[in-house]
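Q: I have a chain open and would like to go through it with you. Can we start at one helix and work outwards?

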Amino acid sequence: MAQADISCEIIVSDVDESNIDGPAPKQVEQLALRKAAAVRDNIEAEAIIIAADTLVSIDGQVLSKPADEAEAFAMLKALQGRKHTVYTGVAIIKTGGKDDVICSFVDAADVYFRPLSSDEIKGYIATGEPFDKAGAYGIQGRGAVLVSRIEGDFYTVMGLPMSRLCVEIANIGVNIWQ
C-alpha cells in the first residue's frame, strides 16, 4: 500500500481460518470476505476495508502455512523443480453510504521453483521465513532465490495483487490518485 502511496491502518481480524471448503480459489475469497466482515463489525467511521488471503496449490492439494519444520520441508520438497499456483483472494468493503459496497475477487499466478537440494531447503527453513507463509515460502524475502520464474502478477504471489486491487477500488468509486 505504501508503494502505491495509499495510506492505511492495519487492523488484525483474528478470523478462524479453518473450516473453509471448496476449491482453492473459493477458499481464499471466502477467507478474505470473513476477514473484511470481522473488521467491518468493529468500525463505525467511513472506511475502505481491504482484506486478503493467499494459498498455494500443487496437484490439487492446498498448501497453507506449515505447522513445523517437518511440514515446511515436505512442502518445499514437493514444490522444488515444479510449477504451482498461488491464489490470492481479496475482499473490499466501502462503508459510509446508505449501504456498504462489497466487492471480492481472486487472482492467480503460476510460480516455478528451481530444483533444490535438501541442504538448500533446510537452510531456507533455518531462516524462519517459511512458518507464516502459505506454501512455506515468501517470495518477497529470501524465498525469492527458490523461484525460477512467475507467470502472472508478482504481487499476487506476495499476497496483494495491487494492480487489480486498484482497478476494483476505482470500480466502487474511489480515486486512488487524490
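Q: What covers the buried residues of α5?
A: The cover includes β1 (48-58), β3 (83-94), β4 (101-113) and α4 (154-158). Cover here goes by contact, meaning heavy atoms within 4.5 Å. Helices (H or I, at least four residues) and strands (E, at least two) are DSSP runs, numbered from the N terminus.

Q: Before going on, what kind of model is this?
A: This is a predicted model, where local features need pLDDT of at least 70, side-chain atom pairs count only at pLDDT 80 or more, and totals for chains, interfaces and linings use all residues. Residues are numbered from 1 along each chain as its sequence is written, and side-chain values use heavy atoms, with hydrogens and water left out.

Q: Fine. Which residues of α5 are buried?
A: In α5, residues 162-171, the buried ones are Met162, Leu165, Cys166, Glu168 and Ile169. Buried means under 20% relative accessible area, exposed over 50%, and partly exposed in between (1.4 Å probe, protein chains only).

Q: Why do they line one face of the helix?
A: Viewed down the axis of α5, the buried residues fall within an arc of 165°, so they line one face. The arc is that of the directions from the helix axis to the C-beta atoms. In general, an α-helix has 3.6 residues a turn, so residues three or four places apart point the same way.

Q: And which exposed residues sit on the face turned away?
A: Ser163 and Asn171. Just after α5, Gly173 has a positive phi of about 95°.

Q: Switching to His84: where is it, and is it buried or exposed?
A: His84 lies in strand β3 and is buried, at a relative accessible area of 1%.

Q: What does its side chain make a polar contact with?
A: The side chain of Tyr137, at 2.7 Å. A polar contact is a pair of N or O atoms within 3.5 Å; within protein, one must be able to donate a hydrogen and the other to accept it, and residues adjacent in sequence count only if both atoms are side-chain atoms. Leaving aside neighbours within four places in sequence, His84 is also in contact with residues including Val56, Ile58, Leu79, Ala109 and Phe113.

Q: Now the whole chain. How many helices and strands?
A: Five helices and five strands, running α-β-β-α-β-β-α-β-α-α from the N terminus.

Q: How much of it is buried?
A: Of the 178 residues, 42% count as buried.
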